[in-house]
Amino acid sequence: MKKILFFQFLFFASAVGQLTPLQKCNYTKITSHDELSQFLEVADHNSDLVTKEVIAESVEGRKLYAVYLSKDGFGKDETKLKILIFAQQHGNEHSGKEGALLLINEMLRSENQYLLDKIDLAIVPQMNPDGSEKNQRRNGNAMDLNRNHLILTEPETAGLHKLFNKYLFDVTLDVHEYFPYGETWKIYGYRTDNEVEIGTVTNINISQNITELSREYLNFIIDYLKDKEISCFEYLPGGPPEVNYIRRSTFDINDGRQSLGIQNSFSFIQEGKNGIDSLDNIKRRSETQMAGMMGLLVYSYRHKDEIKNLIADQREKLVKGEISPNISIQLDHFSDGSKLELPLLSYYSDSDTIITVADYRPVVKSLYDVERPIGYLVPKVLNEVIDWAGKHSLVYYDFKNSNEYKIEQYHIIRIDSMDFEGDIVVNPITELKEITNQLSENDYIFIPANQLKNNMIVIALEPKSELGLVTYRNYANLLKEGENYSILRVVKNLK
Ligand SMILES: [Zn+2]
């Protein structure tokens, strides 16, 4: 009898892989970085479908892993959909990591392996090991990694973008947890209770076709999870209702979803419902996160050609510059007149209810556009900007001026400020002038706009951009009142 049970256990273990560290300890302890490393080591060793790789080292020297799941060598079959799922950028949001480890096991089950006929999957289960060990949001440099995807000063985010740039994933998912137990909501008497929330891309410079397909995915995943008795809704920050407006997730391109979305990826954020503390309800939290990730894989498998073709077409448009001649660099959230039926949990009755929200602003509109230039000239002395271009794998080269070009420079008249989703950012008053005297070509590098990061480059380098480099402390010195902005625009000479 004993023998048979042991045999059955072995069969079980080899069929679905090992238990995750969290399962092994019966959900009594969050998975540590050491345990995660060991788990991935064994997963890699046990299965031909799994390969692990170190993609970066954290500030405190811990390894960040990518786990590749592929039937014929990751990225080798160009017809497959390349999907990237990454979790736990915020160290106090553990269920993304725990769910990602469950997902590795799920993918090894024979009934799920069909997904790998059309998908090459990369999983980065833990983006912020230093924060995780201390159960804190930020990384070892006290930086919020999910506000670092534009400037890429942190090794963790730089490593992720290096990975993205290597494979140019079609589909990406950034996994988080939201914390619904805040004081303002307690006073309001209700709180959000959805087990999984999904945010789509909202920056209006991203391909409209991709944005529309993202909305379709949102409908799919809500139904998919409902079938599994998991509650799911759109991720809508703000509130409580009529205290603060409710909107779709940020249009800033410095987070995990939008920084990849702005490169015309099919990109999402998934927010599980956090516990009151890290272990609270951790089994269910991890399983619902895993189910959400699995939902994305199922949808992607079913719509493989549609997604693959759409992403290829829309990326080609960025590279060839076959996009709008104008680009929005200041945006805001607006109402479209519709009211939101928001599912909430009542603190009084402990039951689910629907609240109708009047101040709901689901539409993002441009406040300020600029004309897209042919490219930018960055002075070679601006080392920090040239390093930045390198971290994003931007194409750049020496500049050769021609009479087809006109060179423009901004003069910073005054530095005002503006509201940005409740924060205050710089808003310089500028004047654009043509440079008519001879330009010393050797003093500059030229970053052409027509490349995959087309939108990102313009949004980053325009001085009036609400989302640009100048809004970060590291680059604030690029703006000086009464002086010229040293990064130049190259535009077509129409004379
Ligand atoms: Zn988070």
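Author: Helices (H or I, at least four residues) and strands (E, at least two) are DSSP runs, numbered from the N terminus. On that basis, the secondary structure of the protein comes to 13 helices and 21 strands. This is a predicted model, in which local features need pLDDT of at least 70 and side-chain atom pairs count only at pLDDT 80 or more, while totals for chains, interfaces and linings use all residues. Residues are numbered from 1 along each chain as its sequence is written.

Reader: OK, and what radius of gyration does the protein have?
Author: With the radius taken over C-alpha atoms, and the globule rule being 2.2 Å times the number of residues to the power 0.38, the protein has a radius of gyration of 24 Å, close to the 23 Å that the rule gives for 495 residues, so it is as compact as a globular protein of that length. The C-alpha trace spans about 90 × 55 × 40 Å along its principal axes.

Reader: How much of the protein is buried?
Author: Buried residues account for 43% of the 495 residues, where a residue is buried if 20 or more other C-beta atoms lie within 10 Å of its own, exposed if 12 or fewer, and partly exposed in between, with C-beta atoms placed from the backbone.

Reader: Switching topic, which domains does the assignment give?
Author: The domain assignment gives domain 1 (18-320) and domain 2 (373-492), with bounds that come from an automatic or database domain assignment. The centres of domain 1 and domain 2, taken over C-alpha atoms, are separated by 32 Å.

Reader: How many residues of each domain are in contact with the other?
Author: Counting two residues as in contact if their C-beta atoms, placed from the backbone, lie within 7 Å, 17 residues of domain 1 are in contact with 18 residues of domain 2. On the side of domain 1 that touches domain 2, α6 (155-167) and α11 (304-320) each supply at least two residues, and the largest share, four residues, comes from α11.

Reader: And by class, what does that side of domain 1 have?
Author: The side of domain 1 that touches domain 2 has eight nonpolar, six polar and three charged residues. Here Ala, Val, Leu, Ile, Met, Phe, Trp, Tyr, Cys and Pro count as nonpolar, Asp, Glu, Lys and Arg as charged, and the others, Gly among them, as polar.

Reader: Let's go to α12, then; which of its residues are buried?
Author: In helix α12 (residues 383-391), the buried residues are Val-385, Trp-388 and Ala-389. Seen down the axis of α12, these buried residues fall within an arc of 100°, so they line one face of the helix; the arc is that of the directions from the helix axis to the C-beta atoms. Asn-383, Asp-387 and Gly-390, on the other side of α12, are exposed.

Reader: What covers the buried residues of α12?
Author: The cover includes β16 (375-379) and β20 (444-448). β16 is itself mostly covered, as four of its five residues are buried.

Reader: What order do the strands have in the open sheet of six?
Author: The order is β17-β20-β16-β21-β18-β19, with antiparallel pairing, two strands being paired if DSSP finds at least two bridges between them. At the edges stand β17 (397-398) and β19 (423-434), each with a single partner strand, so one side of each is left without a neighbour in the sheet.

Reader: How many bridges join β16 to β20?
Author: Five bridges join β16 to β20, which run antiparallel, and the bridge partner of Pro-379 in β20 is Tyr-444. β16 also pairs with β21 in the antiparallel sense over three bridges, with Arg-489 in β21 as the bridge partner of Tyr-376. Strand β18 (residues 405-420) is joined to strand β21 (residues 488-492) by four bridges.

Reader: Last one: where is Ser-58 found?
Author: Ser-58 lies in the loop between β1 (50-57) and β2 (63-69), and Ser-58 is buried, with 24 other C-beta atoms within 10 Å. Leaving aside neighbours within four places in sequence, its contacts include Leu-64, Pro-129 and Asn-139. Ser-58 and Asn-139 are 81 residues apart in sequence and 8.1 Å apart in space, C-alpha to C-alpha.
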